[in-house]
Structure formats: structure tokens, C-alpha cells
Amino acid sequence: MTSLWLPLLIAVPVVGAVVVGVAPKSAAKWLTLATSLVVLALTLVMAFQFKPGGERFQFVFEADWIPAFGVKFGLGVDGIALVLIGLTAVLTPIVIAASWHDADAPHAKYSVKTYFALMLALLAMMVGVFAATDIFLFYVFFEAMLIPMYFMIGSYGGAQRSYAAIKFLLYSLFGGLLMLVAVIGLYVVTTSWVGGDGQPLFANGTFMFPDIIEALKTQTIDSGTAKWLFAGFFIAFAIKAPLVPFHTWLPDAAAQAPAGAAVLLVGVLDKVGTYGMLRFCLELFPEASKWATPLVIVLSVVGIIYGAIVAIGQTDMKRLIAYTSISHFGFIAMGVFAMSQTAQEGATLYMVNHGFATGMLFLAAGFLIARRGSPYIADYGGVQKVAPLLAGAFFIAGLAGLSLPGLSSFVSEFMVMIGTYSSTAFGSGALAVAAIVSALAVILAAVYILWMVQRTLHGPTAESVSGMKDLSKRELWVVAPLLALIIGFGFFPKPLLDIIRPAVTDTLVNVKVDNPAVAEKGAGE
Amino acid sequence: MNTIPAPTIEYGTLAPLLLIFGMAVIGVLVEAFAPRYLRRSIHLPLTLVGLIGAFALVVWQVAKTGVPTSAVAMGAVAVDGPALFIWGVIIVLAFVSVLLINDEDHFVASAAAVPGSSDEEEAEREGFAHTEIYPLVLFAVGGMMLFPASNDLLVMFVALEVMSLPLYLMCGLARRRRLLSQEASLKYFLLGAFSSAFFLYGTALIYGYAGSVELAKISTALATGALLDPLLLVGLALLGVGLMFKIGAAPFQAWKPDVYQGAPTPITALMASGVLVAAVGAVLRVFWVALGNMDWDWRPVMWGVAALTMLVGAVLAITQTEIKRMLAYSSIAHAGFLLIGVMATYDSADGNSKSLSAILFYLLVYGFTTVGAFAVVTMVRDAGGEAGHLSRWAGLGKRSPLLAGTFAFFLLAFAGIPLTSGFFGKYAVFAAALGSGNETGDSLGGWMAGIVVVGVIASAIAAFFYVRVIVLMFFSEPAADGPTVVAPSFSLQFVIGVAMAVTVIAGVFPQPILDIARDAASGLFIR
Amino acid sequence: MENPAQILGNTAGGVIGFSWLMIALPLVGAAILLIGGRRTNKWGHLLGVAMSLGAFVVAVLALVQLLGLDPEQRRQAVHLYEFIPGMVDMGLLVDQLSISFALLITGVGSLIHIYSIGYMSHDPERRRFFAYLNLFVAAMLLLVLADNYVGLFIGWEGVGLASYLLIGFWYFKPSAAVAAKKAFIVNRVGDFGLLVGMFVMWTTFGTLSFAGLGDATIEQNGTVTAIGLLLLLGACGKSAQLPLQSWLLDAMEGPTPVSALIHAATMVTAGVYLVVRSGAFFFPLGSTAALVAGIVGTATLLAGAIIGCAKDDIKKGLAGSTMSQIGYMMLGAAFGPVGYAFAIGHLITHGFFKADMFLGAGSVMHAMNDEVDMRKYGGLFSKMKVTAITFIIGYLAIIGFPLLSGYFTKDGIIETAIEHNPVMGWLAVAGAGLTGFYMSRMIFMTFFGKARWDKDAHPHESPAVMTVPLIILSIGAIGLGAFLVLGGRLYQWLAPAVGGARDFVPAFHPFSVPGLSTLALVAVGVVIAWFKYGKAEVPVTAPRGSFLTTFARRDLYGDALNESLFMRPGQWLTRLAVFFDNRGIDGLVNGLAATIGGSSGRLRRVQTGFARTYALSILFGAALLTGALLLVGNL
Amino acid sequence: MTTEYLVLSAILFVIGAVGVLIRRNAIVVFMCVELMLNACNLAFVTFARQWGNLDGQIIAFFVMVVAAAEVVIGLAIIVTIFRTRRSASVDDANLLKY
């Protein structure tokens, strides 16, 4: 059965982008917003039709794309992909509303239409990358995604924009090329597989993830090769995510990008990295993943603590936020590789919640910077006096950033840590230590957020901000939904978790770790 | 006394080739007899019709009579699948190049007149033009077609010269910056002659080894004879020099930047696309048909050459400041990628046809992207002609976004970004390489993965300078007295349009082209 | 995952079924006030009070319903919803322990709400203040009512947030902002312990609900001890016990009602609640965890007392005393059900008399236009009788004047301590003596002796809206102790909840050696205070004082210690990390790029432009190929 | 018996190559190239003799023709350069570099 939902979901923004491209300047913004809202609506309808615990991949769509390479235009979502598409669909309209004027002054010489067309193109690719069940297709989106973002940073960003843009692109391209080699390698391996009937399983090769996973139950990848392929995928994702030590492009890119683009960059694009680890690294190369786990866990824990410490030392708001994200990505990666039900659910949930929390933080920071015209924390002080609403938004976003219980990010962080601590995948002990160390970030997070808050919002009002306007109606509309989501999922994460759980269970089944939940499922079947 | 048997020539099969040469000859006659003011208006349709006709003949041949299975003209010329594919590609590339040549006065009024002399002024005033260019192009195209199709080394040598000699001349005919143009012409000529001497000597030695210059006979000789005969190895090396020189592989790449920069841009386009295609075709034929039996010997060496070529091309391009030079280095790097494909052959017919079709696809898409890129280059003008220096391109994205966008797209294709043709080209070649490395018993085995990694690193480096140009065009402020962008004539629009179309279509839906390439490659080369 | 209700085998009906209203009401209040913004300025404070009172009413009704039940049935579970499926069921546990806290929080809380109407009347942002107060009440109630550790933790951090907001209420004062941040961060250190404790708990027992743990068989072993200690760390953070005490004194930057409600009556006692609630991990008596709890308690009660002796700032003095009193509670909590009873008892009475005194102090400051230096007070008794008398009642209660609240609860703790661990016990006695001294000192300096006011000070009694709460609180300070302790009423009430024999009456003999010696020591303290501050003249500017005094004034060098141990190294570490990131990692990346670029720059020089050089390169290449081919051939 | 010819042709070829490298005058350089071609011819003829077939000799003729064509082109180019620069030195023509 093939469903047209996902192709539609990708087509709509593409068409939208074209329309925006040709439409008169005045209409561009509204058209963009409308398109993104349509996508959101479609996504919601889809999400409600999704049956958790049903078929693993639903809304499946398959069409030949390049038979010569055995490439299919294969789409489909499981719980994990679905929530991430949801994240994308929710964030985009908000970001569009938030960056309503980003493309105007002072970059008036650039075309407003281009900016919003790019944003829609990006939306299409972001949906596609999560929806792709064909690894090749995934790779194509994975790489193509860079280009619009590259132009958004490069043409509409801050003073250092071209440096940041190049750095961002080259880093990702390099990772992508390594992944390309791994993808080809995988293709070569799959073509060599022989089925029970002595016939080759995939005569002219396949990239279809589900098929390969299915085949893996009978086939094996020679462990040496598997490690190399794993490395190819993992490094690409580790650069994307980014994990220490592949992270230095993010602060530059995020700091130079316009706030809206930064939100999409950190909120969604980078999630592709962690998503890829969970989806492809683990399931395609279970053994190699287990082999690499110690290293990965160490990297992520280091990232958690290191990112937090470096964040404390930042003088530029956006850089600071970027570093906090690096710390958070450490959590996600740790959760993914802890290989326990709870931890991976937590990690997936974290991807979503981090999108909301950091998104709101970036946007609020963006509003501040847009008003004061400086990203440097030192240039602020006592903002709460003059702009209480803005200050409030910034503060609450900050609290979400330090994952205060009652806000969404807490649930995910808690689940990641407790899941890691209690993971039995590698015998208890080692992971427990990792969890404990990572819990120190709880303290550090308080330090970097509250210190930033104190220096920007509190204290006597600096006259440089004395004239600062409070949030406008539009900006309120930007902040309100995020706030609702952060608090709502903070107290009631169940809906998301119900969607995520079966997918994670499936993943762990394929990774072949002993896991109570998996046992249950096994009993269930 | 015995009579010499008359040779049998399959005119039907050779028709495209003969048509091209015939048209060229007619062109010469036109030069001789038609009045000056008429010549151009006769030449252009003549040339175009010739090319179209040749293309039609190629198609007709594939469709109707099918691909011949044995060499024609007494085994001198092999018109097989790959050859026909390459012919098609070359003809189309030549067609667009001709449009480019014809587009606007790129060429000197009178080559004989000393630059800046009164003669030159007068010549320009009189509106003289070297209309010989059209027949010259046709000759060159004929050479290009014969080069990869020639089934013995002698024909190949002759084809090489037929292809090169007109190009030597045309390189020197630029209207502006004539000193550079003439210098390019001189260098190209001397070095070309030099290298072809190597080719010839190599041929001689191999002849000495095999007793024949027919590729098939050489191959059989290898199958039976001693493979460590220095005669053979040295001959092979010298032959290689000649061929590697033509595709511009390191360390024989030195001429490329100079010549590409100095030559009139349309000619550069023709060389960068057509000649490369032809030369790679010839390389394939020589190394597979003649030397296939000693691949264990030449593939490791080619490994080194390919790696060196990719790295040299990519690294040197980084610091180029002249757009055409940069493109030249980029074409060097791409020659390296093509060599990966060439060595991606472990003799299982299936694997071979895979890598062969990969290369054919690569050649096609790369050729078009290149022509497109150079076509764009011709449009950005300064007082002294084309605005070659990169700094002049700064902020072009703001002045004429469409043009800059197009160029950026071509650059992304060179860089191999998905959804452009370049990506699939690169992918196909890499896949072929890894595939052959995976074949059990392949002497190179893991090394193929190695060369792919080198390729990855090279393309990462290469990406940098492509991206740099984009940054320059879009993210930096336009210069106060920026270059002017000429309004493209219809033919120029056509050229860029075609190149764009191929780059996009092959990037989004490459299947049809891949099919053609696969069919062309399926028969492999006839031996 | 069966929810507590199933474990307890009952699901609450009646009012208790609606006990979530206790949390919801103030939460809604806070939300309305925060979202409503300036529009609600006019009636905001009234709404706040109403919501708090509403919660109080619910609590009382719930209590009534509990009393109607058979004692064994008094653990009522209210299942709300699935929070983290398979791990946490969000629900409330209404039992003797939690309801006692709920009453204290809502009761004292409401009084303080009312008091604040008057106290904050001049503040333009009074509405925001009430919003925060309501937020606090809600979070605190969630803390004590939640039936699992995660819920508790949410409340735990919620009160932390509220306290942060209220300490920093006057955010434009840098000192306030800093104090607020400090409080939050130090608390987070404790939270770290609590978090990890939960990890271990979940991993070991597979549940985080109190009921579930109640079922689980928990016998003493390394893991359990570890859990105990980790929870204790959390408790130390919240209850300002050593070594995490440093934030409490700075917290006095907040408005006085805040100090009364959060930093005296309720929030700071959450640590004690946690220890009592998690009693299972502190069994058996004298187990490592319990021992450490005792030590912490003892150390803190002395430290607090010593600090209290030297402070001239009336609020900081009270803060020191709060530390000390919570130390007593912690000490009591180290000794099982009996100790719990007295600890909770002391907690409740302390809630009353300390709130009473803080509000009294507030009233005084109100009168002395926010002067906090006791050296600038003196002779205020005549000026503000109600305040003075209520304050003095609170004073008598805290020093344990016979028959007043503190007398019963504190003595109970001391006796229990001496019974189980004489050393701690007698140190506690000494603490009592100190209490006598510093509290008397406060009284004498404030209300008696000559007036040492600034010129523009015109002391006057505070309005009724402030004095009435004082009176009510002081009544509690008088009678509550006797009511709770005599006949072991509180003990028997709590027994089912905290696990103790119900038909047992904890010993309470005032005329034992400890009891009498306590009284004696207190008396001595009072007398010394009288001689130093009552009879003698109090200098307006503090004398340099002995080393001991400075030691006490500098909060026993707690801050200095933190600074040198954590802050400075931390700052260095941060600088180092930033440097490493920019120069090290990023430097490496950029360096690589630079290298490639540089080599390109050098390499292109090979392209000399001389045709003959090119020819040479070709020849060289030819040689290379030949060599290579020969080489490979002969391999 | 044929070896000497081969050696000779090799020597000629090397001389030609070296000449290309060391001589500046374009004409001379070009003549060296021609020398190399003729070395090839010698080799071809020799091998033809060795194998006893005519191919080599025929090839030699082809080469001569091609060489002749090359001369035409070559001289044309060199003369143009000379007219422009008043010098036929290969080294003078190095505007294009790096």
C-alpha cells in the first residue's frame, strides 16, 4: 500500500517555494507563512492517523527513482521520524513569523523573496530527510539541505557570515562525502548478499532501509567492513549533530545566522545527525555500534560537560546558546548509544524538546539582539525593567534550557540519564558512571543560564537598553505557542512518548540488545 | 605477380565521421571560392547542418542497423557502443561550442597582423574575420571522433594529430589579449608535439613487441608473450605519456591552465569538453582493448597518477585568481576522477560495463556543465575583454542574480552536490570503483577503497574553491566599477539553456541518460 | 506499571479526591497574575490571598476526612495521570505526613499572604510578588503531596524557582540578583544528589513511587546507604545544611515575607520532609546514612547558632537561627519514628514562631524605613507594642521557655538524641544555650535599651493587616507544642505514615538531667546577653570584636571556602576551556585549511610559465611512469 | 643486427628530447621534436625489418605526412609569435604562469 501523504508533504513547500519565487514581493511573506501552515495542518492530520504499535513504517510511499543504481523514492515514517517531522512542521511557521523582517533591513539589497523561498525549500528537504526510507534518498536530502541553509547564513547573516557559511558547508560536505563512501560500500555489500534460494537478494542492489534491515536478520556484514561503514556514517552524523570534537562550526554558524535560520539549524538540521545515529548507525551496524559505544559514550559525556563549561565562558549570547546545544547534543547521543528503551525514548523526546526550548531561546535572544543591535551579553542589563514580556520569554526559555522540572526538556533529560544509568546493555557500571558525570551538567546548566539572565535581564537598567520596546503582537504570537508546548509537554509528555515507544522498541529489537521492553514485545507477538 | 587486394570500407558505419570530414573539406572550398562577405553566412549553416547530420546518422545507426560487432575499415576503426555514445556526446558538445564560437567576435580579425599595429586596426575596420575557424573546428571534431574509435595505434596517432593541429591554431586566434593567446598557442603546440612524439615512440616499441599496432593483435600478443619485456613496459609508459598528456593528468597537466586561460573562451570550452571526452575514450580503448591482459601491471601505476592528478588539481585550484585557470585546474581534478573510473575494471564483463557506463555518464554530464560554465564566463566583460580576474566577479549575485545563480549551479555541479548532474557522475564512478574493489581476486582490492577516499578528500578540497567563488559572487560587496554583463544573444541563451537543462535533468532524474550509457557500455569495446 | 492507588489498595474519594485543587488553585492564581499582567494590578493581591486561603480550606477539609477514617486507612492515594509511561504515574499521596505539611504551608502561607498585602503596599509590582507567592505555594504543595520522587522533584525545583524569583524580586539590586542566582545554583548541587539518588532507586527497586518503595523490601546495604546519602545531599541543599548552607544568609535579600514563608517556615524544611519521607533509606538507626544525617544536623545547628550570635542584621540573625533550628530537625530526623515525630513537631512549631518573628522583624523594618541593623534599633517596645509582644512570644518559644511550643519540640529532639547518641545530644544542648544567647541579644538590641535610631526614623505600629497575622502566629507559638507533643499525639498521628508503633508514647520528661541542663544553659545564655546588650550600652557601629566574632560574622568563612574551592578554579577552568576551544580545536581546523592553502600557494610556483619547464615535467613524468611500470612488473 | 638501429633511434630520440629541454629558440625546439619523430620512424622501420612485415614501413610514411602537417602549423604559430615579439625565444613567452 502506498500513501500520498508524505510526497504531498514534500511537494507542498516545493510548490510554495516556486510560487513565492514568482509572486509579487508584497505577498511573499504571507504566502510563505500560509504554505508552512498548510504543511503543519497536514502533518497534524497525519500524526493523528498514525497508529502507534501498528506497522513500523506507515504512510509508506515507494517509486522507482534511479533503477540503474537501485535507488527508490522511498518514504515512510515510524514514531521517531514522525515526531521529528512534527517538530519541523511546528517550528517552521513560528520561525517564519519570527524572521518576518530579517530579510529587510539592513540587508535590503538582498531579495526578501529569495529568503522565504529558501526557507520553504529547506522545509521540504527537512521533511524529506526524516521521511526518507531509502538511504540514498536520505543522503540526497542530507546534502542538498545544506545549500539553502548555506545561502541563508551567507546572504542574510551577521558580520562574519561568509566565513561561517563556508565553514558550515565544508564541514558538512566533508562529513557527507565520507557518508557517501559508506553508502556506496553498503550498496556493494548488499549486492553481494545471497538469499536462501542461492539467488542474490538484491540483484541490482537496494538502498531501501526496511528491506536491508529485514535481510540483515539472515545476512551479515563482515565485521571489519561493518566498522568502516559505521565510521563513515557516524562521523558524518557526529559532524552534523555536532559532537565534540567536530563541533566548532556550530557556534560560528549559529552566531552568524539570522535568528530564524539559527533556530532551524540547531533545532532541526542538527537533529538529522542524532536521528541518523539512532536510525542508521545502530540498526545497520549493530555489532559495530556496540563496538564503538564506549568511545561514543565518552565523546558525548565529554561533550556534555565540555560544552557546558565553554558555554559559561562565552560573551556572545548566540554562541553561548550554541554551546549549550552542543552540551545537549551530548545528552542525545548518550541516550542513543546507551541502548536502553528509556534512554532512547528520552533521546528521541530530547530531539523534539530541545528543538522547542533552544528554538525559543534563540528567538528571544534574536529579539533582544534585533533591538539592541549587539549580541554581546555585556551590552545588556536590567532589560526586565523596560521589557518585562521579552524578559519573561527569554527567562522561561532559559529555564527550559537548564531543563527545569515541569518544562519539557526535563522529562527527556531525566529519561536519558536514568535510562543510561539503568542500561544493562553493556553490563551495569560503566554507563552508570557516564550518567552520574553527565548529571553534573545540571549544575553547570544553572550556572550558564542564570549568569546570562543575571547579566542581561537583572541589575540596574543600562541606558543602552532603556528605550527598548517590549514584545510586539507578532512576536507574542511567535513566543506563545512555544511556551505552550514547552510547559504542556513538560507535564504531559505521554502523547509523544506513546508515538515514540514502539519505534524505539523496534530499533532495539534490531540492535539485538536484551531489553525488558523488547522482551515484552516478543512475548506480545 | 600478385595483386594488392582492394580494402573494404564500410561507408555506412563510418558515415558520421565521413560527413564531418566532408563538410570540413567543403568548408575549405568555401574559404577558397566564396566572397569574404558571404563566407560566414555560408559556413555557419554548413557546419551546423554537418553536425546535426552526423548526429542524426549516429542515432539512425544505433536505432536501425544496430551497433556493429566488429571493427570496420579493415580493422582500423572500431565503431562500437562506447564509440557511438562518445560520438554523440562530442557532436552535441561541438554543436553548442560552434554556437559559442559564432556567438560574438571572440576571434582576431587578422591573425597575421601584429597586435596594436595599424594593420590590425585596418583589419578590424574592414570587419575581416578568420572564417576558416569553422572548417578547422570540423576537422578537430572529426579527429575527436576518430581518436576514441581508432582500433590501431597508427590511426589513433593520426586522429590525435588531426584533432590537435586545428586546436593549436585556434588557440592563437583570440581577439583580445592576443599575446596571451599566441603564447598559449605556442605552448600548446610545442608540448603537444613533444608528447605526441612520446606517443609515437611508445607505439613503435609496442609494435616492436607485438609485431603489429592493431589493438586486438597487441592484446593477443600479451596473452601469449612475456609480460616483463622492457620493450613492452617502456613502450606502454611512453604511450601512456601521450594519452595522459591529452587528458591533462598529473604530472602532464602543466599545459592545461596556460592554454585554457590564453585560448579564446569558446575554444577553451571545446577543448575542456570535447577533447577531454575524446581523450578519455581513447585511454579506455587502449588500456582495455590492448592492455587489458596486463591490468595487474598498469592499474597500480594509474592509481598513483589518478591520486596525484586529483590532489594536484584540487590543491592548486584553491589559490587561483583567474576564473579560466581555476576551471582548468578543476578540469584536471575531474580528469583524476575519470581515471578512477578507468582503473575500476576487474575483468568481469559485468563489472567492466558498470564502470564503463559510469565513465560515459560522467563524460556526458561533465562535458555539458563545462561548456555551460565557459559560456557564462564569456558574458562577464571588462574594458579589455572578459573579466577574468575573480575579484571582478565579486557581488555579481547582486548585479545579475540570474547569471550568477546559473554559474553557481554549474559550480555546485562540479562540486558534486546532490540534485546536480555532477553528484551522480561522482557517485557512479565511486560506486564502480568500490564495486570492482569488492570483486574477489581483484589485484587492487582494498586499494580501490583507498583511491575513493583520496577522491573524497580531493573533492572536499575542491568544494572549497567552488564555494569560494559562490561566496565571492553572493556574499561580498560588488566592486564600484564592476564588470558589465552582456545581454546574451539567442544562441548564447541556447547554449547555457542546454547545459543547464542537462545539468538539472541529469541531477534530478538521471535514469534515461544512465540507460543510454548502460546500453552503450553493455557491449563493451569490440576487440 | 501499577499505580500507587492499586498498591495502597484504595483510591481516595471525597474531598481528598479533589486534593489536587490545593495545588491547582494557587497555580491558577499565579498564571492569571503573570499572564494578566498590569491589568490585574488592582485586585491581584486579593486573588493571591483568596487562592492561598482556598488551598487552606481544601487542606482542612481533607484533614477532617482523614480524621474520619480508621488510622490505618489514612494513607490516601489520588491518581492523576500517567506522567512517564512505564516509569512515573503522577499522583498525590494524602497521608498524615503530607497533610500536616499541607496545613502548615497553606495556613502559615495564607497568613503571610495577608501580611504581605500591607507590607508590599508601597511596591509598584506587588501583583508580581503575589504571583510568585502563589507559584511557591503551589510548588511546595506539589512537593509534599506528590506520591513519587519525580513529582516531589518537580515541586522541589519549583520551590527553588519560586525562591529564586522572590529572592531576586528586586532584580534591579545587583546584590539581590546575585543572591538569587547563588541560591538556585547551590540548590542545584543538592538536586544533583537527589537526581542520582533517583537513578539508583529506579535501577535497584524499579519504582519511584513512595508506595512502591513501601512494598519493596529494603534491607541495609551499600546501595541503600548510597541512596540515603544522595538524598541527604539533596536535603542539605534545600535546607541549607552544611556544607550547602551558604545561600541562606544571602537569601535575606528578598522581601521579608519571603524570608518568613520560604526561608523559615516552609521551603527550607523540605529537606527534613525528604529525609522523613525516605526514612526507609535511613534505617536502621545508626546506619551510615542516619549517622551522617545526625552529624550534619548537629554541625549545622551549632554553626547556625554561632553565626546568629554575631549578626547585627536582624534578618541575618534570624536566618542563622533558622539554619540552627533546621539542624535540630535534621538531628531529630536521624533517629527514626520517635525522632521524626519531634522533628516534624519542631518543624511545625518553628514554622509558626519563626514566621512570627520574621514578620515581626518585617514590621520593625517597616517602621524603621527598612533599616535592618539592630544597632540602629533599641527601645522600640513602647513604640510598637503588638509587634514587640508577638515577637517576644516567638522568642520565648524558640529558646524553649517552659510550656511554650519550642520547649516541647526541641527538648524532645534533644532527649531522643541523647538517648541514641550522647555526643550529638549534648552538643544540641550546647546549641540550645547559644540559642538563648543570640535570641536574647536580638530582643534586647531591638526592643529595649536606648533608642539608637537615625534622625528621620519615626517608628509606628504597623496596620492591622500586618499585626493580625502576627497575633495568630504567636498563638500558635504558644500552644502548638504542648498540643502536638503531650501524650505523643503527633507521634501516634504520624506513626502509620512513617512506620512506628502506634500504641507507644515517646518519653518526655522535662525534669530529667538533659531537660534541666538545657534550661540552665539557656538561662545562662540569656543572662550573658542581658549583661552584654541589655544592661550595657550597645555601640551604634559594631566593634571589631574577637577572632571568634569575625569568624561568625563571615559566616564561618563558608563563602570564602566556596570561592577558593569552586568559584576561582571554575573560572580558570572556564577560561582554559574557551581558550582550548578557540585555539586548540578550532585552531586545528583552521590550521589545516591554512596549510592546504599555503601548500597550494607554494605549489603553484611550479607552474613557472616556461614551456621548457613543462617539457621537463613531461619527461620526468615519462621516466616516472617507466620506472613505476618496471617496478610493479617486477614485484 | 637490428639492435644497433634501435639503439641509434633511442639515442636520436633522447637527443631530440634533451634538445627540446635545453634550446630556447622555438624553431630549434621544433626541429628537435621533428628529430624525435624521425627517431620513431627509424624504430618503426627497424621493427618492420625485424618482424618481416610492412606495417612499420607504412607507418613511417604516415608519420612523415603528419610531421609535414605539423611543420605547417608550427611554423605559422612561431612566425606569428616572432612578428609580435620580435623574438622566437620560447622563454620570452611566459606571461601565463602560476
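What follows is a conversation about the chains, their elements and their contacts.

Mentor: Keep in mind from the start that this is a predicted model.

Trainee: How many of the residues in chain A are buried, as a percentage?

Mentor: Buried residues make up 67% of the 525. As for contacts in chain A with a separation of 6 or more, 80% of them come from residues 24 or more positions apart.

Trainee: And why is chain D called more spread out than a compact globule?

Mentor: Chain D has three helices and zero strands, running α-α-α from the N terminus on. The globule rule gives 13 Å for 98 residues, and the radius of gyration of chain D is 16 Å, well over that, so the chain is more spread out than a compact globule. Its C-alpha atoms fill a box of roughly 50 × 25 × 25 Å along the principal axes. Of the 98 residues, 36% count as buried, and residues 24 or more positions apart account for 49% of the contacts with a separation of 6 or more.

Trainee: Which residues of H1(B) are buried, and what do they pack against?

Mentor: Among them are Thr13(B), Leu14(B), Pro16(B) and Leu17(B), with Ile20(B), Phe21(B) and Gly27(B) also in the set. Leu17(B), then, is both the site of the bend and a buried residue. The buried residues of H1(B) pack against H2 (36-63), H3 (81-103) and H5 (133-149) of chain B.

Trainee: What makes S2(B) and S3(B) edge strands?

Mentor: The sheet is open, with three strands in the order S2-S1-S3 and antiparallel pairing. S2 (385-386) and S3 (484-485) of chain B each pair on one side only, and that makes them the edge strands. S1(B), residues 380-382, pairs with S3(B) over two bridges. Two strands pair if there are at least two bridges between them, so S1(B) and S3(B) qualify. The partner of Val380(B) in S3(B) is Val485(B).

Trainee: Why is strand S2(C) described as mostly covered?

Mentor: A residue is buried if 20 or more other C-beta atoms lie within 10 Å of its own. Seven of the seven residues of S2(C), residues 88-94, are buried, so the strand is mostly covered. In a regular strand the side chains alternate between the two faces of the sheet. Here both faces are covered: Val88(C), Met90(C), Leu92(C) and Val94(C) are buried on one side, and Asp89(C), Gly91(C) and Leu93(C) on the other.

Trainee: What does S2(C) pair with, and in which sense?

Mentor: S1(C), residues 76-84, is antiparallel to it, over seven bridges; Gln76(C) has Val94(C) as its bridge partner. The hairpin has three residues between the strands, and Gly86(C) takes a positive phi near 80° there.

Trainee: Last topic, the contacts of chain A. Which helix gives the most to the side that touches chain B?

Mentor: The contact takes 27 residues from chain A and 27 from chain B. H7(A) gives the most to the side of chain A, with 16 residues. That side divides into 19 nonpolar, five polar and three charged residues.

Trainee: And which helix gives the most to the side that touches chain C?

Mentor: That contact takes 40 residues from chain A and 36 from chain C. H19(A) gives the most to the chain A side, with eight residues. The residues there divide into 26 nonpolar, 11 polar and three charged.

Notes
Residues numbered from 1 in each chain as written. Chains lettered and ligands numbered in written order. Predicted model: local features only at pLDDT ≥ 70, side-chain atom pairs only at ≥ 80, totals over all residues. Buried ≥ 20, exposed ≤ 12 C-beta atoms within 10 Å, placed from the backbone. Helix = DSSP H or I, 4+ residues; strand = E, 2+ residues; numbered from the N terminus. Contact = placed C-beta atoms within 7 Å. Bend = angle between axes of the 7 residues up to and from the residue. Nonpolar A, V, L, I, M, F, W, Y, C, P; charged D, E, K, R; others polar. Rg over C-alpha atoms; globule rule 2.2 N^0.38 Å.
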